[in-house]
Amino acid sequence: MSSRSSPEQTDDRLAALVDDLLVRDPAVHAAALDELADVGDRRVVPHLIETLVIHEIGGDWEQFGFPEVLRDRSPPRYLELPEARWPGVRDALQTIAEPDYDSDYAWVEWETWYSQQGIEPLEGFDEWKLQLYRSYLPPVGRLLDAEPRAFDLRDIRWGNCDPSFLAACNEPDFVPGDAVATDAESEAGEYDRYLDPKDAVFGFTVGDTAYAVPRWVLFPHELANVTVDGTPLTLTYCTLCNAPICYDRRVGDRSLTFSSTGMLLDGNKVMFDEETESLWSQHRGVPIAGEYLDGGGDASLDVRPVTQTSWAEWREAHPESLALDIDTGYDFDYRFYEDDIGFFRHYWNDEDAVQPGVETADGALPEKTDVYGVTTDDGTTVRVYPVDDVPDDGVWTDEIDGRSVVVLRDETGDVAVYEAPPTPVERDDDALVDAEGTRWRPGRQALAGEREERGESGEPDGRERPRMPGRHGLFFAFRSQYETVEVGPTGT
């Protein structure tokens, strides 16, 4: 390009070159990348990052495909097409920008670097990105095309999968926990014994029935749509945020069916409902694009308490609990994840491992702190409590939305938040004693007041203080998803 080219001519030529990256011809891609590298304009970096990710994952599905349990199968056909390659894209990036990444995971390093830069792309980037996804990631691109949108397209990234690979587990069966527990004393029956006492489970209750979903079974799905006791629920799990959240999936007169888009927004998975293909925030349970957002944006999913604990702890608290039947019909090798989530465990605990797509910030807590959060009624503010700081045998008092609350560990060892009885409140073994001397017993749905005769019956007296549903996750997921994040007491 001539050094005497006007800015307008330069912009026109750059626009033509990035449009060449959309042409279904890798030779055209390579020529465009060579010229883009020669020009050296940083405004094309966002375009190069997007193509780099598809190029690297499509070229090495066995190493980068997600979920990992499917890496030994053929990748989606659209990733195998010869035109889904951009030869020289990494070299072009290294010529235009400062870093010089050369590891097997260079595309992750480039995404991480880009997330911290705030580089303004060329005019027309949004439509360019939509066309890239429509053409080269069609199952994902179709969903991303939803309008209106409540997010900037630059902030959303592809998560190495699509709705067919990261398939929701729909209407699985639940079976008696004793029938699948490896340490059960009963004789072997018709079910595989697969649940070890140490296994992490996500537990919830509906009515008087308790249910447990092993984390390693949910892992390759990240989402389960279930109907229990006539109640339609969706148990969602963002593996990168380590955030299990349970929602009632009824909105108005509809019972929605949720699935994963294969996209991430600010480090959190993006869901969609199959009925309208509206996009939803997994962590907040609100629409972020499509029909439900266009309807005024006031739709939201009611969150229900979900406990993250071990099967041994859950079973001790709920001896009659049902458990998800591992025979789901989805032909996944679930045991792959039983003891093999090392990458995620490393990621959850390594402060230096930055989630691509998340701009780092100095927050009130380290980014990877495991927290439990309760939102205000309007959903804009979340009050979080560092899980490791909540005392095993004590109780915190706090305030949310002008209401006094108590924070403690429940019978499974997980964090629970309840509306408070008269304060101050003290812990007395497995009960609470309020300022008036009344004893309260923590339960799944509420604190239950007990009769005054201490040491005698301990029977409920009918008074209750409801449990406030909360959300698990790493701190960065709260910081990036909510307008205001407040940290509750970390030790009193």
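The secondary structure of the protein comes to 15 helices and 29 strands, where helices (H or I, at least four residues) and strands (E, at least two) are DSSP runs numbered from the N terminus. With a radius of gyration of 25 Å, close to the 23 Å that the globule rule gives for 492 residues, the protein is as compact as a globular protein of that length. The radius is taken over C-alpha atoms, and the globule rule is 2.2 Å times the number of residues to the power 0.38. The C-alpha trace spans about 95 × 50 × 45 Å along its principal axes. Of the 492 residues, 57% count as buried; buried means under 20% relative accessible area, exposed means over 50%, and partly exposed lies in between (1.4 Å probe, protein chains only).

This is a predicted model, in which local features need pLDDT of at least 70 and side-chain atom pairs count only at pLDDT 80 or more, while totals for chains, interfaces and linings use all residues. Residues are numbered from 1 along each chain as its sequence is written, and side-chain values use heavy atoms, with hydrogens and water left out.

Strands of a sheet pair through backbone hydrogen bonds, either parallel or antiparallel. Here two strands are said to pair if DSSP finds at least two bridges between them. Strand β19 (residues 381–386) has pairings of both kinds: β18 and β19 pair in the antiparallel sense over five bridges, whereas β19 and β29 (residues 484–487) pair in the parallel sense over four bridges. Val374 has Arg383 in β19 as its bridge partner, and Thr381 stands opposite Thr484 in β29. β18 and β19 form a hairpin with five residues between them, and Gly379 in the turn has a positive phi of about 75°. β19 is mostly covered, as six of its six residues are buried. In a regular strand the side chains alternate between the two faces of the sheet. In β19, Thr381, Arg383 and Tyr385 point one way and Val382, Val384 and Pro386 the other way.

On a 1 Å grid over the protein atoms alone, a pocket is an open set of points with protein on both sides within 12 Å along at least five of seven lines, a cavity is a set where a 1.4 Å probe fits but cannot get out, and lining residues have an atom within 4 Å of a point. Grid points are joined across faces, edges and corners, and a volume is the space filled by probe spheres set on the points.

By this rule the count comes to one cavity of 30 Å³ or more. The largest cavity has a volume of about 30 Å³, and its lining consists of Pro172, Phe174, Phe204, Val213, Ala224, Val226, Leu235 and Leu324. This lining has eight nonpolar, no polar and no charged residues.

A further three strands form an open sheet in the order β20-β21-β22, with antiparallel pairing. The edge strands are β20 (396–400) and β22 (415–419), each of which pairs on one side only. The twist averages 35° from one strand to the next, with axes fitted to C-alpha atoms (for helices over the stretch in contact) and angles running from 0 to 180 degrees between N-to-C directions. β21 (residues 403–409) and β22 pair over five bridges, and the bridge partner of Val405 in β22 is Glu419.

Most residues other than glycine have a negative phi, and most peptide bonds are trans. Asp401, in the loop between β20 and β21, has a positive phi near 55° and is partly exposed, with a relative accessible area of 41%. Glu222, in the loop between α11 (215–218) and β6 (223–228), has a positive phi near 65° and counts as buried at 4% relative accessibility. The peptide bond from Phe66 to Pro67 is cis, with omega near 0°; another cis peptide bond joins Glu147 and Pro148, with omega about -5°. Pro67 is found in the loop between α4 (61–64) and α5 (77–80), and Pro148 in the loop between α9 (138–144) and β1 (156–158).

Definitions and conventions
Ala, Val, Leu, Ile, Met, Phe, Trp, Tyr, Cys and Pro count as nonpolar, Asp, Glu, Lys and Arg as charged, and the others, Gly among them, as polar.
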